[in-house]
Amino acid sequence: MIKILLYRPAKGQEYWWSKLVKFVTGSDYYHAAIWISGYIYEETAYFDSNNKWISGVRKYKSAPNGDVFSLRPGVIVDEGAIKTWADLKIDINVPYNFPLLFSMFFVYPLRWLWKILKWSPFKSAVFGYICSEFVDYCLLAGGVDLLPNRSEAYTVPGDIAESKLLIRETT
């Protein structure tokens, strides 16, 4: 079973990155991940317990958390293909796409222009992914295009919440 996880900051715990994402995208969601059979897969950057900087896709055992979304009944997804694709990104150590993150003020507000031009700055194959782009590509690998009229390269967490193929679960 697959779940899409979207995260909002808790009241009083809005950090600079969540404020930045909210400002640029207009969405309360600042992070996205995917849950598959007991494991969360996410594209992230963080300091580990040894204060070592880690960037890239990670997988860890966890229950679904945050705002949980599931695929609508009748939407067929290949979970094995998603796991294979995500695990490959871990194996080859695909980095977090910091150039895209830091250029969000320019890139995200102009998504409409990139669509018209049929051109995408910051192709994921070159720089890596950001969290929501990673989730969108995971589902695409499993045969589900969450946002058929949008480029995966510009997916933000709030876009995923708007997908007609998802249902928000009550928590």
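## The cysteines

C138 sits at 0% relative accessibility, so it counts as buried (under 20% relative accessible area, with a 1.4 Å probe and protein chains only). C131 is buried too, at 5%. With a disulfide taken as two cysteine sulfur atoms within 2.5 Å, the count comes to 0.

## What this rests on

Keep in mind that this is a predicted model: local features need pLDDT of at least 70, side-chain atom pairs count only at pLDDT 80 or more, and totals for chains, interfaces and linings use all residues. Residues are numbered from 1 along each chain as its sequence is written, and side-chain values use heavy atoms, leaving out hydrogens and water.

T44 belongs to strand β3, residues 39–47 (strands are DSSP runs of E, at least two residues, numbered from the N terminus). At 12% relative accessibility, T44 is buried as well. Beyond its neighbours within four places in sequence, T44 touches I54, S55, G56, R58 and Y96, where a contact means heavy atoms within 4.5 Å.

## The lining of the largest pocket

Sorted by type, the residues lining the largest pocket come out as 18 nonpolar, 4 polar and 3 charged. Here Ala, Val, Leu, Ile, Met, Phe, Trp, Tyr, Cys and Pro are nonpolar, Asp, Glu, Lys and Arg are charged, and the others, Gly among them, are polar.

Note on methods:
Helix = DSSP H or I, 4+ residues; strand = E, 2+ residues; numbered from the N terminus. Buried < 20%, exposed > 50% of the residue type's maximum accessible area, 1.4 Å probe, protein only.
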